[in-house]
Amino acid sequence: MTRGIGGSNASAQLADLAPWTDRAPAITVEERLARIEKARRLMGENGVDALLVGAGASLRYFAGVPWGASERLVAMLLPRSGKPILVCPRFELGTLEADLAIEADLRLWEEDESPSELVADALRELGVVRLAVDPAMAFLFVDRIRKVAPSADIVDASAIVDGCRMQKSEAELALMRQAKAMTLEVQRRAALILQPGITATEVRRFIDEAHRALGSSGSSFCIVQFGRSTAFPHGLPGESILGEGDVVLIDTGCTIEGYHSDITRTYVFGAANDEQRRIWSLEQEAQQAAFDAVRPGVPCEAVDAAARKVLERGGLGPDYRLPGLPHRTGHGIGLSIHEPAYLVRGDKTPLAPGMCFSNEPMIVVPDRFGIRLEDHFYVTEEGAAWFTNPSPSIDAPFG
């Protein structure tokens, strides 16, 4: 039997969990103001007069407002100088004031009024000629603003938003380190509750409860796959039931102050056969090769290429052919679980200190099983550093 797999149950493991004690500090007001100043510098470099950021991860990044986007426009208009302007439904004022972490000029609208007109009025007041819009903002809102502010030249704000968010501060790294450490502990305990006949639903329920017991708001997502289902990167519909000799793939995460974890562990329930061992070892080698390829200035695509070289040498692929790696090696992560840049051919973004990525060069053996080991790293001046230690072996996936 694989070491650290089975032998316990959900009740016993949950009873042994307590809120995380080594908690990372929240992002300070001073850091948010520094982010705004960096955005203004990038606005100047890109010839932009103002930046419009909608509800979502970027609004949380700059203003501390943790709201998701909806059909109602909530946005921050950031001019090159002066106070930011927050556009928000009037009935949300109390909640906005409780969440808002910076000083801002509040422009409120009633349900029968047009928030796009408020944005247009502000653009005219500020004399904005070129407006950069958050790439995540819904086209519906952008189109409405364009119609009521036809003189504004609306451009993509990716260079500004990504230019701020891609490189994480020490405070951001600390929040991500906590989230990932919590999820790895949940992964370890989830392995202990496995037994023949357990369903994927039962395991997902335990993982959510364990994340909550450690002090998060629960799982931000959770994929639990057994056997043949693991050959499909995001699983198959319907219930999975664990049997002896099944490959187990669990991919899950949580958030701390909005910052994501996203960790995958794959192992065998029972004794691994020769093919499972070979593929698992190739996956481990490819993950390490991707990590070793990281240096400041190296293009993102080179990290993907390093992982694929290992797999091709092992007789897999090439490119996206199966058996082999059907997707990119990794994605950026922070306040969004998937964010620029990406470890994939064609992304020539140069690596820089503070950038954070998943490292998950999954191997799929079609219609049989898949192996994905996913840990995350951040770029340093010398290379890369792990947030969490990779899985050491198929026989002892948690050490």
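A disulfide is taken here as a pair of cysteine sulfur atoms within 2.5 Å, and by this rule the count comes to zero disulfides. The structure is a predicted model, in which local features need pLDDT of at least 70 and side-chain atom pairs count only at pLDDT 80 or more, whereas totals for chains, interfaces and linings use all residues. Residues are numbered from 1 along each chain as its sequence is written, and side-chain values use heavy atoms, with hydrogens and water left out.

Cys254 is in no disulfide, the nearest cysteine sulfur being that of Cys222 at 11 Å. Cys254 is buried, with a relative accessible area of 0%, where buried means under 20% relative accessible area, exposed means over 50% and partly exposed lies in between, for a 1.4 Å probe and protein chains only. For Cys356, the closest cysteine sulfur belongs to Cys300 and lies 12 Å away, which is too far for a bond; Cys356 is likewise buried, with a relative accessible area of 3%.

Secondary-structure elements are DSSP runs numbered from the N terminus, helices being H or I of at least four residues and strands E of at least two, and two strands pair if DSSP finds at least two bridges between them. An open sheet of three strands has the order β7-β8-β11, with antiparallel pairing. Its edge strands, each pairing on one side only, are β7 (221–226) and β11 (263–268). Neighbouring strands of this sheet are turned by 5° against each other on average, direction ignored, with axes taken as lines fitted to C-alpha atoms (for helices over the stretch in contact) and angles running from 0 to 180 degrees between N-to-C directions. Six bridges join β7 to the antiparallel strand β8 (residues 247–253), and Phe226 has Val248 of β8 as its bridge partner.

Helix α9 (residues 200–213) packs on the sheet, touching β7 and β8, and its direction makes about 145° with that of β7; contact here means heavy atoms within 4.5 Å. Helix α8 (residues 170–192) lies across β8 and β11 and runs at about 20° to β11.

Elsewhere, helix α2 (residues 29–45) packs against helix α7 (residues 158–165) at an angle of about 140°, with their axes 9 Å apart. The contact is made by Arg35, Lys38, Ala39, Leu42 and Met43 of α2 together with Ala159, Ile160, Gly163 and Cys164 of α7. These residues divide into six nonpolar, one polar and two charged, with Ala, Val, Leu, Ile, Met, Phe, Trp, Tyr, Cys and Pro counted as nonpolar, Asp, Glu, Lys and Arg as charged, and the others, Gly among them, as polar.
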